[in-house]
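Colleague: I am new to reading models like this one. Please take me closely through one part of it, and then show me what surrounds it.

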Amino acid sequence: MLSVQSDTYFMQQALAEAHRAYESGEVPVGAVVVSEGYIIARAHNQTEQLVDVTAHAEILALTAASNHLGGKYLSGCTLYVTLEPCVMCAGALAWAQLGRLVYAASDDKRGFMGYGGKKLLHPKTKIEMGVLEAEAMQLLKAFFRSKRL
């Protein structure tokens, strides 16, 4: 049984958001923000729906979390996201002073690790990667396979 406060549990919640994105025709990336063991924000990619290239799951989740907390800094929060953030999102995470980032699948083409890595984040942000990576990759591959048909 999963502890309610495990990385696996929270990544499963992010994957549920990614499935919502998939079902609406968006690149299936989902995110949740956790503070003190509770999910305070959920989001998935909505770039097509909102006609906004910045409507990545991470950005939408940060905005919702900041609104929930009533402040722009998320130093006590963890962001769980199904795909390695891009450079834009890494910049937003840095400005938010995110406490911890946990992501499932690496993004060799657009992920921030290939463009400066950890130094793009706030110096105190801790990083974990690979949590439920296979599940996240399977969903992404299914999405792009369906677009190529």
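What is the relative accessibility of Phe144, and what does Phe144 count as?

Modeller: Phe144 has 33% relative accessibility, so it counts as partly exposed. Buried means under 20% relative accessible area and exposed means over 50%, with partly exposed in between (1.4 Å probe, protein chains only). This is a predicted model, in which local features need pLDDT of at least 70 and side-chain atom pairs count only at pLDDT 80 or more, while totals for chains, interfaces and linings use all residues. Residues are numbered from 1 along each chain as its sequence is written, and side-chain values use heavy atoms, without hydrogens and water.

Now for the rings. The structure holds five aromatic pairs. Rings of Phe, Tyr and Trp (its six-membered ring) pair if their centres lie within 6.5 Å; planes under 30 degrees apart are stacked, over 60 edge-to-face, the rest tilted. Phe10 is buried at 3%. Tyr9 is partly exposed at 24%. Phe144 pairs with Phe143: the centres are 5.1 Å apart and the planes stand at 80°, so this pair is edge-to-face. Phe143 counts as buried, at 5% relative accessibility. Tyr80 belongs to a cluster too, linked through ring pairs with Tyr9 and Phe10.

Tyr80 leads us to the core. The largest nonpolar core has 42 residues, and Met11, Val33, Leu79, Tyr80 and Leu101 have the most contacts inside it. Such a core is a set of buried Ala, Val, Leu, Ile, Met, Phe, Trp, Tyr and Cys residues joined through side-chain atoms within 4.5 Å. Elements that each supply at least two of its residues include α1 (7–23), β3 (77–83), β4 (100–105) and α5 (133–148). Helices (H or I, at least four residues) and strands (E, at least two) are DSSP runs numbered from the N terminus. Leu101 touches Leu79, Val81 and Phe112, among others, leaving out residues up to four places away in sequence. Contact means heavy atoms within 4.5 Å.

Next, the strands. Five of them form an open sheet in the order β2-β1-β3-β4-β5, with mixed pairing. β2 and β5 (126–129) are the edge strands, each pairing on one side only. Neighbouring strands here are turned by 15° against each other on average, direction ignored. Strands pair if DSSP finds at least two bridges between them. β4 and β5 run parallel and are joined by four bridges. Among the residues of these strands, Val102 has Glu128 of β5 as its bridge partner. α3 lies across β1, β2 and β3, at about 145° to β2. Axes are lines fitted to C-alpha atoms, for helices over the stretch in contact, and angles run from 0 to 180 degrees between N-to-C directions.

Ser35 sits in β1. Ser35 is buried, at 14%. Beyond its neighbours within four places in sequence, Ser35 contacts Ile40, Gly76 and Cys77.

Cys77 brings us to the sulfurs. Cys77 is buried, at 3% relative accessibility. The structure holds zero disulfides. A disulfide needs two cysteine sulfur atoms within 2.5 Å. The closest cysteine sulfur to that of Cys77 is in Cys89, 16 Å away, so it is too far for a bond. Cys89 is in no disulfide either: its nearest cysteine sulfur, that of Cys86, is 3.7 Å away. Cys89 is buried, at 0%.
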